[in-house]
Amino acid sequence: MLKRNYKEKVKKLLEDAEKALNVQAWTSASGSYDSAIEGILRYYIKQKYNVNVGYNWKKVPEELENKGIKINDKLKELILEFAELRYTSGRSIGYHAGISWANEDIARKYKKLALKIYEELLIRNK
């Protein structure tokens, strides 16, 4: 279902995020993981349901439902987990202003979620 070259691009982004994590560049790592997560979710939704979604991830499940699309509980859980992490991490506060917004704990939470979403949506759903 998902194109091989897209999986490779995401894998590269995850590798770059890991490098940033290893040198304690928490905001850089978190930002890369955040981008990977959003990209995977958008790509998966576009490929599976042929629709685009908005930027408020907390509202995406409802947005899809309003378009007549029933998503499975696992996808809904992943979307809402991402929305919650993004909200609690402070990403929205400093992201566009170039302010350092992440610490080690946040970076590691992003890593865990990014790898979970990568595994669930790109690896298991070939």
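Visitor: Hi! Which residues in H4 meet which ones in H6?
Guide: Keep in mind that this is a predicted model. On the H4 side you have Lys-74, Leu-75, Glu-77, Leu-78, Glu-81, Phe-82, Leu-85, Arg-86 and Ser-89. They meet Ile-106, Lys-109, Tyr-110, Leu-113, Lys-116, Ile-117, Glu-120 and Leu-121 in H6.

Visitor: And what classes do the residues of that contact fall into?
Guide: The contact of H4 with H6 has 9 nonpolar, 1 polar and 7 charged residues.

Visitor: Where are those helices, and at what angle do they pack?
Guide: H4 covers residues 73-89 and H6 covers residues 104-123. They pack at an angle of about 160°, with axes 11 Å apart. An angle over 145 degrees counts as roughly antiparallel, so that is what H4 is to H6.

Visitor: Is their crossing left-handed or right-handed?
Guide: H4 and H6 cross in a left-handed way.

Visitor: Switching to H2, at what angle does that one pack with H4?
Guide: About 150°, and the axes of H2 and H4 are 11 Å apart. That makes H2 roughly antiparallel to H4.

Visitor: Which residues make the contact?
Guide: From H2, Asp-34, Ile-37, Glu-38, Leu-41, Tyr-44, Ile-45 and Tyr-49; from H4, Leu-75, Ile-79, Phe-82 and Arg-86. By class, the contact of H2 with H4 has 8 nonpolar, no polar and 3 charged residues.

Visitor: How far apart are the end C-alpha atoms of H2?
Guide: They are 34 Å apart. H2 has 24 residues, 26-49, and at 1.5 Å a residue the helix should span 34 Å, so the two agree.

Visitor: What happens just after H2?
Guide: Asn-50 takes a positive phi there, about 60°.

Note on methods. Residues are numbered from 1 along each chain as its sequence is written. This is a predicted model: local features need pLDDT of at least 70, side-chain atom pairs count only at pLDDT 80 or more; totals for chains, interfaces and linings use all residues. Side-chain values use heavy atoms; hydrogens and water are left out. Helices (H or I, at least four residues) and strands (E, at least two) are DSSP runs, numbered from the N terminus. The expected span of a helix is 1.5 Å times one less than its number of residues. Axes are lines fitted to C-alpha atoms, for helices over the stretch in contact, and angles run from 0 to 180 degrees between N-to-C directions. Angles under 35 degrees count as roughly parallel, over 145 as roughly antiparallel, 65 to 115 as roughly perpendicular and the rest as oblique. A crossing is left-handed if the near helix is turned anticlockwise from the far one by less than a right angle, and right-handed if clockwise. Contact means heavy atoms within 4.5 Å. Ala, Val, Leu, Ile, Met, Phe, Trp, Tyr, Cys and Pro count as nonpolar, Asp, Glu, Lys and Arg as charged, and the others, Gly among them, as polar.
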